[in-house]
Amino acid sequence: MLNIVLFGPPGSGKGTQAKFLEEKYQTPQISTGDLFRFNLKNETELGALVKSYMDKGQLVPDEVTTNMLVDHLENNPNPQGYIFDGYPRTTSQAEALDKILAEKYDSEVSITLALVVDDEVLVERLLERGKTSGRADDVDEKIIRDRITEYYEKTAIVAEHYKAQGKWVEIDGVGSIEDITEKLNAAIKEVL
């Protein structure tokens, strides 16, 4: 199984690259944002639980997010592996993912790929995307900078978890889409 954890701040090109990786390695991308939206929209039991926290303005606990991921994995098995996007975001989620992959699949995270892009480039990309995306959080520079800061604060400790395992690889996320895809593939090739 090839299990990739994909990291990158907003505007790093993570979503674009995930699509190429999905196709090349036949590994579906699992986005926690998509899982949240699916469960909320379909009013599942987990969705109702998520909504109860969100309605109070509270963060959804790691355990609930992990349960949502487990539910998705059980309903969408893929022997080739997965691309995890937006999960793990905390050390406890990283530890939970290690345990899930070991117990359910006799597998592990193969590699963690972190797209690295200068903050000013990220801001520029997101403001440009905001002209067509319709997303309110892509048109306000202060909100964009807050999202970037939050990303670094949240992922710094998770990066240490994967660095300790020798599974953290930083990829320069500036350049043509094709060049970045090539860099990601070269890193993945090292663990295949």
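Student: What makes the largest pocket a pocket, and what is its volume?

Tutor: In this predicted model, the largest pocket has a volume of about 1,700 Å³. On a 1 Å grid over the protein atoms alone, a pocket is an open set of points with protein on both sides within 12 Å along at least five of seven lines, whereas a cavity is a set where a 1.4 Å probe fits but cannot get out. Grid points are joined across faces, edges and corners, and the volume is the space filled by probe spheres set on the points. Local features need pLDDT of at least 70 and side-chain atom pairs count only at pLDDT 80 or more, while totals for chains, interfaces and linings use all residues. Residues are numbered from 1 along each chain as its sequence is written, and side-chain values use heavy atoms, with hydrogens and water left out.

Student: Which residues line the largest pocket, and what makes a residue part of a lining?

Tutor: A lining residue has an atom within 4 Å of a point. The largest pocket has 45 such residues, and Lys14, Thr32, Gly33, Gly86 and Arg89 lie nearest its centre. Helix α2 (32-41) provides the largest share, six residues.

Student: How is the lining of the largest pocket divided by class?

Tutor: There are 15 nonpolar, 16 polar and 14 charged residues. Ala, Val, Leu, Ile, Met, Phe, Trp, Tyr, Cys and Pro count as nonpolar, Asp, Glu, Lys and Arg as charged, and the others, Gly among them, as polar.

Student: What are the volume and the lining of the second largest pocket?

Tutor: Its volume is about 180 Å³, and 13 residues line it, with Val116, Tyr151, Tyr152, Trp168 and Glu170 nearest the centre. Of this lining, 10 residues are nonpolar, one is polar and two are charged. Helix α7 gives the most, six residues.

Student: Why is threonine 27 called buried?

Tutor: Buried means under 20% relative accessible area, exposed over 50%, and partly exposed in between (1.4 Å probe, protein chains only). Threonine 27 has 1% relative accessibility and therefore counts as buried. Leaving aside neighbours within four places in sequence, threonine 27 is in contact (heavy atoms within 4.5 Å) with residues including Leu2, Leu21, Asn78 and Tyr82.

Student: Where is threonine 27 placed, and what makes a stretch a helix or a strand?

Tutor: Threonine 27 is in the loop between α1 (14-25) and β2 (29-31). Helices (H or I, at least four residues) and strands (E, at least two) are DSSP runs, numbered from the N terminus.
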